[in-house]
Every structure is written in C-alpha cells, then in structure tokens.
Amino acid sequence: MRAPAVRVPEELSARVPVEQRGPGLDRDGVRLLVSHGTEVSHHVFGELPGLLRAGDLLVVNTSPTLAAAVDGRVGHARVVVHFSTRGDDGRWAVELREPDGRGTTRARADAAGITRARADAVEGRGCGGPAGTKVRLPGGARLVLEEPLSARGERLWWARVSRAEVPALLREHGRPIRYSYTERDQPLSVYQTVFAVPPGDGTGSAEMPSAARPFTARLVAELVSRGVQFAPVTLHTGVASAESHEPPYPERFAVPEASARLINAVRAGDGRVVAVGTTAVRAVESAVGSDGVVRARAGWTDLVVTPERGVRVVEGLLTGLHEPEASHLLMLEAVAGRAAIDRGYDAAVRGRYLWHEFGDVHLLLP
C-alpha cells in the first residue's frame, strides 16, 4: 500500500476528548473535514445535518466498548492483558503487553531485553507465548495461553480463563485500553458511543468504534427530523497493534433483517448509504451477496476491503483520521479513490486536524 505523502506531527494526536478541552464543548464539537470527491471543505461536526440529505442512510455500529485491559502477572513480572475477542468455544483472543511506567503499555521484552514485536519481525517469534504461559489475574482468576490466533504472527493468542467469567472480570477489574499518545486514563463512559447497545452475553469491542463518538442524542434527533435514517449493525472490534499496522483479524458481526431491508430500499431510491466507521463498512460488505443484495447475516467475517475488492454497498464513509501506514486506508481508498484520500489527508495536516480516537473526523462522499 502506498501511504499518503504526509507526515502527521506528534502534536496532532488528540490527547483528551474534545469535551475536556474547554468549557461548553460537547462531543459534536470536533472538526469535520468533508471530501466530495477531491473537493475539500471544513466544518464542525455539529453541521453534519446540513451536509446530508433527506433519504440518506447512516449505518452505525452498536457494539459497546469493553474495559478490556486487565493487570496480571507472569511469574514475578507485571503484564497487562488486552482481551480482544471471545471465541465460539469460550476462549478469548488476548494480547500480553507490559506496563511502560506511564500508565500505558508496550510490547513485551524477552530475557535479553529485545521486544517480542521486534523479535517477531527479525526471527519469526511473537509477542505472546509460548504456549502454556500462565497469567495470574485479579480475584484469583487464571489465564493460560494455548495457541496463536493466526499463522501470520503470534501477537494475539487464544487463551482460556479459569476461576472467573471474563465479562465479570472486565467489569470488576478492567479498564479501557489506552495508548501512549493519550494524556490520562478515562472512565469507560468516555469510550461509549450514543449507539452502543450492550448484548446479553457480555461481549463487545476491545477498542471503541470511534467514528461514532462525536454523535450526541441531540444531533441524532436533528438528523432524524431532517429525514436521515439509521441502520444499526454490530461488529465487535478486536485489539489493534500499537506497533504495526496489520490487517484486521476475523471479527464477530451481525446485520439484522430490518437493517438489511432498509439498506436495500435506500440503494433502490435516491438516498446514499453512508457507513459510520470502518467497522460498519466491514459488517455491511460482509452481508452483501454476489447479486448486490444485502441479507441478514451473523457470524465471523475475515473480509478485508481493498481497492481491488472494492465496495458493493457503501457510497460514503464517516471515519476518523488514520495513520498514513494504517491498513484502514485501503478501505478508504476503496470507497473514495486514491486522489480523494491524498487530497483530504494533505488538507487535514495543513489544517491542523487532530488524529486518533478522540480526534477529528472525515466525511467521504461521492
């Protein structure tokens, strides 16, 4: 993948949510970069209702964010377990990391002091294992690594937890996964979107479906009053790599019958199907058949949307600003084209937009 020819300065990382940056600010106070093809305009997110049309459809992810980071110990060493995805057999995909002394984490180091992420790149080893590694968790719980999640690397491992139910463990002892560019820990409520609907089985997303974070109840009501419709889907987002931008692993998703019908109806009319976040794109594009019809589906998806594969349903995308090396940009290019992404990212850097989950957002329209 050829990354956009921009360098994102470190000071453009959003370190706290917008509502903590000054009095009177709400979530919809972030900036909104709009790309109509290669034409770029600048807005605040609260202006979104005026940028959409009656009959447009926003596809939103209802997955709640989990308090997915839990402290543990391997022998005498402190570790942080990032719980990523629950498997069908009751195991969880996890990533083991170590505290960095600043309230966040880094890739684990082996006995020689070499990070396992570096060792993986050099020698084919991973940043988890080996199989059989035992982790002591709070409340007497125990976790045992069993096997790597994927043959392409050993960052994520399937693990089995005993003496505790993971959802209860996360509720009692977990905290949201936090990355080094953020300023401080935040309560879980900061990471929940207005569309989050906790399922009964305690599953959810290890990382916030952050494109939807700027929506408020007031803004949703205004959009509905103007004739914009909403189609809920679910995709539980797993743990991303903080050290490398790898394609997403298989994730659990669901497109309900009512949403599938609504998407098909809008596509048959004059409205535009706009996905809120790359997770919504992955869910919807996993539910469309070769005939172009979206059908109710639920299960696992390993779909990676690329320019070569293209998109069959989604016409627009509301998304955060991604690092130039991120695999998500392949999906953005599939939706909007390479020229639009290059122009938009150049404008975002020159306009001092903020990056990452607490940052500004980008609306890509045909």
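**A cavity, some strands and some loops**

Modeller: Gladly! The largest cavity holds about 50 Å³ of space. Please keep in mind that this is a predicted model.

Biologist: What makes this space a cavity?

Modeller: A space is called a cavity because a 1.4 Å probe fits there but cannot get out. With a cut-off of 30 Å³ or more, the count is one cavity.

Biologist: Which residues line the largest cavity?

Modeller: The lining is made of Leu-66, Ser-84, Thr-85, Arg-86, Trp-92, Thr-203, Gly-204, His-236 and Arg-252. Strand 5, residues 77-86, gives the most to this lining, with three residues. Sorted by class, the lining has two nonpolar, five polar and two charged residues.

Biologist: How do you know that strand 5 pairs with strand 4?

Modeller: Two strands pair if there are at least two bridges between them. Strand 4, residues 69-74, and strand 5 have six bridges, in the antiparallel sense, so they meet that rule. In one of these strands sits Gly-72, whose bridge partner in strand 5 is Val-79. The hairpin of strand 4 and strand 5 has two residues between the strands, and Gly-75 takes a positive phi near 65° there.

Biologist: Why is strand 3 called largely enclosed?

Modeller: Strand 3 covers residues 57-61, and five of its five residues are buried, so the rest of the structure largely encloses this strand. Both faces are covered: Leu-57, Val-59 and Asn-61 are buried on one side, and Leu-58 and Val-60 on the other.

Biologist: Which strands pair with strand 3?

Modeller: Strand 11, residues 229-235, runs parallel to strand 3 and is joined to it by five bridges. Strand 13, residues 273-276, is also parallel to strand 3, with three bridges. Leu-57 has a bridge partner in each: Gln-229 in strand 11 and Val-273 in strand 13.

Biologist: Let's turn to single residues. Why is Gln-186 called buried?

Modeller: Buried means under 20% relative accessible area. Gln-186 has 8% relative accessibility, so Gln-186 counts as buried. This residue sits in the loop between helix 3 (166-173) and helix 4 (217-225).

Biologist: What makes the link between Gln-186 and Gln-20 a polar contact?

Modeller: The cut-off is 3.5 Å between N or O atoms, one able to donate a hydrogen and the other to accept it. The side chains of Gln-186 and Gln-20 are joined at 2.8 Å, so the pair falls within that cut-off. Setting aside residues up to four places away in sequence, Gln-186 also touches others, including Val-16, Pro-17, Tyr-191 and Phe-358.

Biologist: And why is Ser-41 called partly exposed?

Modeller: Partly exposed lies in between the cut-offs of under 20% for buried and over 50% for exposed. Ser-41 is at 25%, so Ser-41 counts as partly exposed. You will find Ser-41 in strand 2, residues 39-44. A polar contact of 2.8 Å joins its side chain to that of His-43. Ser-41 and Leu-363 are 322 residues apart in sequence, yet their C-alpha atoms are 9.9 Å apart in space.

Biologist: Where is Pro-138, and what does Pro-138 contact?

Modeller: Pro-138 is in the loop between strand 8 (134-136) and strand 9 (142-150). Its relative accessibility is 25%, so Pro-138 also counts as partly exposed. Apart from neighbours within four places in sequence, Pro-138 is in contact with Val-70, Asp-71, Leu-169 and His-173.

Biologist: Finally, which residues of helix 7 are buried?

Modeller: In helix 7, residues 328-336, the buried ones are Leu-329, Met-331, Leu-332, Glu-333, Ala-334 and Val-335. Among the elements that cover them are helix 6 (278-285) and helix 8 (338-350). After helix 7 comes Gly-337, with a positive phi near 95°.

How values were computed. Residues numbered from 1 in each chain as written. Predicted model: local features only at pLDDT ≥ 70, side-chain atom pairs only at ≥ 80, totals over all residues. Heavy atoms only, no water. 1 Å grid on protein atoms, 1.4 Å probe; cavity = no way out; pocket = protein on both sides within 12 Å on 5 of 7 lines; lining within 4 Å. Points joined across faces, edges and corners; volume = space filled by probe spheres on them. Helix = DSSP H or I, 4+ residues; strand = E, 2+ residues; numbered from the N terminus. Nonpolar A, V, L, I, M, F, W, Y, C, P; charged D, E, K, R; others polar. Buried < 20%, exposed > 50% of the residue type's maximum accessible area, 1.4 Å probe, protein only. Contact = heavy atoms within 4.5 Å.
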